[in-house]
Every structure is written in C-alpha cells, then in structure tokens.
Amino acid sequence: MIRVLVLFLILIAGVIVGPLLAGHQGYVLIQTDNYNVETSVTGLVIMAVLLFVALFIIEWILRRIFRTGVRTRRWFSGRKRSKAHKQTQAALVKLAEGDHRQAEKLLTRHADHAEQPVVNYLLAAEAAQQRGDDFRTNQYLERAAEIADNDQLPVDITRVRIQLAQGEIHAARHGVDNLVGQAPRHPEVLRLAEQAYLRSGAYDALLEIIPSMAKIHLYDDAHLQTLREQAYIGLMNEAMAKEGSDGLKRWWKAQNRKTRHDTALQIAMTENLIACNDHDMAQEVLLDGLKRHYDERLVLLMPRLKSGNPEQLEKVLRQQIKQHGATPLLNSTLGQMLMKHGEWQAASECFRAALAERPDGYDYAWLADTLDKLHKPEEAAQLRREGLHLTLQRPEE
C-alpha cells in the first residue's frame, strides 16, 4: 500500500511540477446549476492529492479502531480460555478425589471456552451420573452431541458407559451394537460390548467380537478363553432352559469338534446333563473328555453319575491310575464307585491308600462305612472320631 502511494505521489508531482516548470498550469471549469468552480490543473491535482491523503488517514484511523476491538475481544476470549483450562485441571483433581458435585461445576462453568468442550461435557455427564442426577446427565450428553457435530463416537461411548452404570442393559445393548458397527476394533467399544453382551445374555454376539479382541490384543489368551467358555456355557444353559436334555444334546452335537473337545465345556455339559437326569449321555461326554485329556474336575464328577454301565467308569479309573499313578483323588473316586456295587473290601483298600497320602474327612467317613459293612465297628468308630477331629481343626487353620 505504501509503495502504491509513493508511486502515485511521484506521478502527481510530475503532473504538477511539469506544467509549473513549463509555465502552463492549464484551466479547469466545474460548472453546476448553482455555482461554478474554476481552478488550474495543478490546483485540481493538489486537491485530489489532499483528498486522497485525507481518505488514507481516515482509513488508517478506522483500521486502528477496529484492530483495537479485535485485540480487546481476543484478550477477553484468551482470559476465558485460560480460566477454563485452570478449572478443567481443578475438576480432574476433584474427580480423582471423588468429589463429583464440585467436579461437575468446574467442568461446566466455562466449558464452551475449554480446549476440548466435548470432553468437559462428557466428564460432567459421568460426574452427574455418579451423583444420580439423570436429568443433568442427559443434558450434558445432549450438549456434547451438539458440539461434537460429525464426531459422535466419544459421545456414544460415554452414553453406553453411563447406561451400563445405570443398569439400562437393553438400551446399552442397542448402543453397543451401533458402536461395534462403527468401530469394530475400538478397544473401549469392545470392552463395553463385552459387558453389555454378558449382562444381556447375548452370547452369540459375544463370540463374534472375541476374534476382534484377539487381533488388537485387548486381553491375554487366558482371559479370551474364559470369555469364550462363558459364552458357550451361556448358550448351553439357554438350550437346556428351552428344551431340557433333548435341546442340550442337539446343541452339543451341532458344535464343531474343537468346541466339543474343550475340557471346561465338557465339565459344564456333564453337570447340566446330570441336572437333567440324563446320566448315560453325561457319562459319554465325561469319558470322552478323560480319554483326550486328564482333568481332576472330570474325575470329581464320576461319583455323581448313575448310568447303566458303571463298570466302564471303573475300567477308566483303573486306566487313569496306571497312567497317572495312584493319586488320592483317583483312589478315593474308585473307592466310591466300588461302594455302589457293594465291594466293601476293595473299596476300603482304596480309601486307606488315599488317606495314607493325605487326610480327608470324607474319606474317613467312607472308610468307616465300609468297615461297618465288614463288621469292624470299633475301627469304624475310631476313624469317624479322627475324621471329626480333622473337620473341626480345619476352620482354625
């Protein structure tokens, strides 16, 4: 702008000085209805220059005035932002202290001037939820949604988290379904989905998101396996609740081989079949599990079976003793199976072998029962006293 002005002044000076030096200033007449203006060309140019300078000065003054207004607005705005920043920091401390009421006030006081207003309103919503103020919670969520515009993911995540905390399980389930569609590998979305699906009994949906959890390494393998087992056991219980033993067996046969060979699921399946009084199928599942992988939890279920083929159970137990040694559990279990057939002498020998390795109140009682059948009441009474003494000592330990 200054360069243009200088060039313009040089040109004007040339126009003025040129005629002056030449002795010819020219003549200019401006005539209107009421008056006439007579001047030389030089005078007209000088007036034009003065007018231009006057306009330039006015423009400079106006620019200074408006610039001052902008600076003033910036100063006030900066002051509010600074205050909002300090209040947000203080609010985070109050949240850590558990003072949700004060945290809510600090977060919302200058929330619109904070660095991230959406975050302030979302934190305020969670603070209000902790206080049990549903009206304020929804108000803050709506305000955050307005400010977030197209980036609604943080708002939706917070809304689902609050719904779960409030026990609104069906609403949370609906929100989680939408979130999983938007961000299928978002860590917090998957954590919320896990909670919502477990609490709503959506076990099929839970199984669908476990591969995504594994891909982003959200949990370790042990936790993912536990989740998978929870989901399958939930589906198993649903089948049993709807159609009893028949539904349970159909569901089990429909599963793939890897699922049917899972020990934890075999245990749950055996327990459910026993509860449905389907002991033959329960024994089939249990023995299939033991043949593939020895697990003490399966052995513990054997005495509860009332199948028509107990000899098969005894045979498997003797095989397990050969493979894994005569452990107290295997001896005790075999003794219980022999008691059912009235083989009192063989059963008593199994219980004595189990007690030789570790004292157990139940084994003392079972051994005493076998000795009663063998007409040894004095020894049986002595063993019952020892078992009672052991039982009374355990709470003290």
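**Exercise 1. Aromatic pairs**

Ring pairs join Tyr232, Trp251 and Trp252 into a cluster in this predicted model. How many aromatic pairs are counted in total, and how is the pair of Tyr121 and Tyr140 classified?

Solution. 
1. The count comes to five aromatic pairs.
2. For Tyr121 and Tyr140, the ring centres are 6.5 Å apart and the planes meet at 35°.
3. Planes under 30 degrees apart would count as stacked and those over 60 as edge-to-face, with the rest tilted. The pair of Tyr121 and Tyr140 is therefore tilted, given its angle of 35°.
4. Tyr121 belongs to helix α4 (residues 117-131) and Tyr140 to helix α5 (residues 134-148), so the pair ties together parts 19 residues apart in sequence.

**Exercise 2. Burial states**

Decide for Tyr121, Tyr140 and Lys105 whether each is buried, partly exposed or exposed.

Solution. 
1. The cut-offs are under 20% relative accessible area for buried and over 50% for exposed, with partly exposed in between.
2. Tyr121 has 8% relative accessibility and so counts as buried.
3. Tyr140 is buried, because its relative accessible area is 8%.
4. Lys105 has 43% relative accessibility, so it counts as partly exposed.
5. Lys105 sits in helix α3 (residues 100-109). Its C-alpha atom is 9.6 Å from that of Ala127, 22 residues apart along the chain.

**Exercise 3. The whole protein**

Solution.

Conventions
Residues are numbered from 1 along each chain as its sequence is written. This is a predicted model: local features need pLDDT of at least 70, side-chain atom pairs count only at pLDDT 80 or more; totals for chains, interfaces and linings use all residues. Side-chain values use heavy atoms; hydrogens and water are left out. Helices (H or I, at least four residues) and strands (E, at least two) are DSSP runs, numbered from the N terminus. Buried means under 20% relative accessible area, exposed over 50%, partly exposed in between (1.4 Å probe, protein chains only). Rings of Phe, Tyr and Trp (its six-membered ring) pair if their centres lie within 6.5 Å; planes under 30 degrees apart count as stacked, over 60 as edge-to-face and the rest as tilted.
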